[in-house]
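Reader: I am new to protein models and would like to learn how to read one carefully. Could you take me through some features, giving the general idea before each case?

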Amino acid sequence: MTEFSQGPALWQTVAAIVIFAAAYICILIERWDRMYTALGGGLLMIVLGIIPIGKAVTTYANWHVLLLLMSLFVIAGLFQKTGLISYASSHIIRKFRMQPFTLLVSLSLLAAASSALWDGLLAIAVIVPLLLKSTKMMKLSPVPFLISVLLSAHIGGMATLMGNLSNRLVGQSIPISAAQMLAKLGPLSLILLIVVYVILWGVYGRSMVIAETSKRELLSLQPASYLTQDRLFLIGGSLTTGLTLLTLLLQGVLGWKASYIAASGALLLFLLGYKQWVYLIKQKDVQTAWQVVKDSQFLFFFGLFVMVGGLAYAGFTGFVAARGLELSQGSVPFLTNLLLWLTAFGSAMMDAIPYTAAMIPVVKDMGKEILNYSSHTAAIPMWWSLLAGTAIGSGVTLLSSTANMYAAVLAEQEGGGLTQRNYVIVAAPISLLLCIIATIYFNMFLL
C-alpha cells in the first residue's frame with residue numbers, strides 16, 4: 001500500500017497539506033478571486049517540487065474534463081442568446097401555476113433521475129440554466145433551488161452504475177451489476193432525497209412567495225417574446241445544442257469522448273455567432289476576451305486539479321486510509337462505517353473523482369489483504385460505503401464536485417447569488433444528517 005512513498009519528502013507532503021488547506025479556506029471565505037487562489041496554490045506545489053510539472057500537466061490536470069467544462073460553458077452562454085431557455089422557463093412557471101416549491105421539487109427530481117440515467121454534470125448543464133432563468137423571472141433567490149438540485153443530482157447518481165464518474169470507476173474495477181447496485185443503494189437514495197426536500201421545505205418553503213406585481217408581470221409577457229429575432233441563430237443554435245446533448249447521452253454507445261463531442265458543439269455555436277467575435281477582434285477588446293476566460297473558470301479548475309493531484313501524489317489519501325485500516329482491526333462492519341465517513345469527508349474536501357480513483361486500490365487491498373478473502377467481492381459493503389460517501393460528500397461545498405463548481409460558474413453569469421458561504425451553511429448540515437441516516441441504513445440492511 002502506498003503511503004508517503006511516491007517521491008516527495010516528508011516536508012513536501014506537509015507543505016502540500018498546508019497549501020491545499022490555505023487555498024481551500026481562502027476560496028471558502030471568498031475574500032480573493034478564487035481563480036488566482038487555486039492557480040497560485042497549484043503553481044506553488046510545482047515550484048516546491050511537491051509534484052513534478054510533467055505529472056501535474058499530463059496526469060492530474062485532466063484535459064478532457066477541462067475541455068468538457070470549457071465547451072459546456074461556451075454552449076450554455078451562446079445557447080442562452082437564442083432565448084429558448086427563457087421561453088421554456090416562462091412555460092414551466094405557468095405550468096406549475098407559480099408555485100415555487102413545487103417547481104423546486106420537480107426540477108430536483110428531474111436532476112436526480114437524469115443523474116441516475118445519464119450523468120450528473122450533464123444534468124446540471126441542462127437544468128441549472130433553466131432554473132436560474134425561472135427564479136430570475138419570479139424574482140426569487142436561486143440559492144435554495146440550486147442547493148436542492150445539486151444535492152439531488154449527487155444522491156440520484158449514487159443509485160446506478162452509470163450515475164456518475166465515481167460509480168463508473170468502481171464498476172470498471174469490480175464485478176458489480178447495475179441491478180445489484182440499484183437494489184442496494186436505490187432505497188437509500190430515495191430516503192435521502194425525501195429528507196432533503198423535507199428540510200428545504202422547513203428552511204425555505206414559507207418564504208418562497210412571488211409578489212403580486214411579479215405575477216402580473218409574468219402573466220403579461222408572452223413566452224415567444226423572449227426568442228431572438230435572429231432566426232438563423234435561433235434554429236441553428238437550437239439544432240446544434242440539441243444534437244450535442246443527444247450525442248453526449250449516447251456517448252457510451254458511440255464510444256466517443258464527451259470532451260470532443262462538447263467541443264464540436266461549442267465550435268459550431270461559435271461559428272453561428274461569428275459576427276460578435278469578429279466585432280471583438282476588430283475592436284481589439286482584450287479586456288472582454290480576458291473576462292470570458294475568467295468567467296469560464298478554466299484556470300481555476302486547472303489550479304484545483306493540480307492541488308488535488310499534489311495531495312494524491314504526496315500519498316496523503318493513502319496515509320488516511322492506512323490509519324483507518326489500523327483502527328478497524330479487520331472488522332468489516334467497522335471498516336464499512338469508517339470508510340463511509342472518511343469518504344464523505346474526503347469528497348467534501350476535494351473533487352470526488354480523484355479521491356475515488358485514489359481509494360479504489362486501497363479498498364481492493366482491504367478486501368484481499370486485510371480481510372484475507374480470495375476475492376474483493378466478499379467485501380462488497382465497503383464498496384457501497386465508498387459510493388454512498390462520495391455522493392453525500394460531493395454536495396457539502398461548491399468545491400466538492402465538478403458539477404457544483406460548474407453550477408456556481410453558471411450562477412455567477414446570471415448575476416451571482418450563490419456563494420460558498422450561503423451554500424455551505426445549508427448544504428453542510430444537511431449532508432451531515434444524510435451521512436448519519438446512511439450509517440443507520442448500512443447497519444440495518446447492508447451489514
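This is a predicted model: local features need pLDDT of at least 70, side-chain atom pairs count only at pLDDT 80 or more; totals for chains, interfaces and linings use all residues.

Reader: How many helices and strands does the protein chain have?

Author: Helices (H or I, at least four residues) and strands (E, at least two) are DSSP runs, numbered from the N terminus. Here the protein chain has 23 helices and 0 strands.

Reader: Is Thr-135 buried or exposed?

Author: Buried means under 20% relative accessible area, exposed means over 50%, and partly exposed lies in between, using a 1.4 Å probe and protein chains only. Thr-135, which is found in helix H7 (residues 120–138), counts as buried because its relative accessibility is 2%. Across the protein chain, 54% of the 447 residues count as buried.

Reader: How is the packing of two helices described?

Author: Two packed helices are described by the angle between their axes and the distance between the axes. Axes are lines fitted to C-alpha atoms, for helices over the stretch in contact, and angles run from 0 to 180 degrees between N-to-C directions; contact means heavy atoms within 4.5 Å. Helix H10 (residues 178–204) packs with H23 at an angle of about 145°, their axes 10 Å apart, and the residues that meet include Leu-188 in H10 and Leu-433 in H23. Helix H8 (residues 143–157) and H23 pack at about 35°, with axes 10 Å apart; among the residues meeting there are Ile-147 in H8 and Val-426 in H23.

Reader: Which residues make the nonpolar surface patch?

Author: Patches are made of residues with over 30% relative accessible area and no salt bridge, like charges being joined within 9 Å and nonpolar side chains (Val, Leu, Ile, Met, Phe, Trp, Tyr) within 5 Å. A salt bridge is a side-chain nitrogen of Lys or Arg within 4 Å of a carboxyl oxygen of Asp or Glu, and accessible areas come from the Shrake-Rupley method with a 1.4 Å probe, where for residues only the protein chains shown count as cover. Trp-341, Leu-432, Leu-433, Ile-436, Ile-440, Met-444 and Phe-445 make a nonpolar patch of about 680 Å², and helix H23 (residues 420–446) supplies its largest share, 6 residues.

Reader: Why does Leu-433 count as partly exposed?

Author: Leu-433, which lies in helix H23, counts as partly exposed because its relative accessibility is 35%.

Key. Residues are numbered from 1 along each chain as its sequence is written. Side-chain values use heavy atoms; hydrogens and water are left out.
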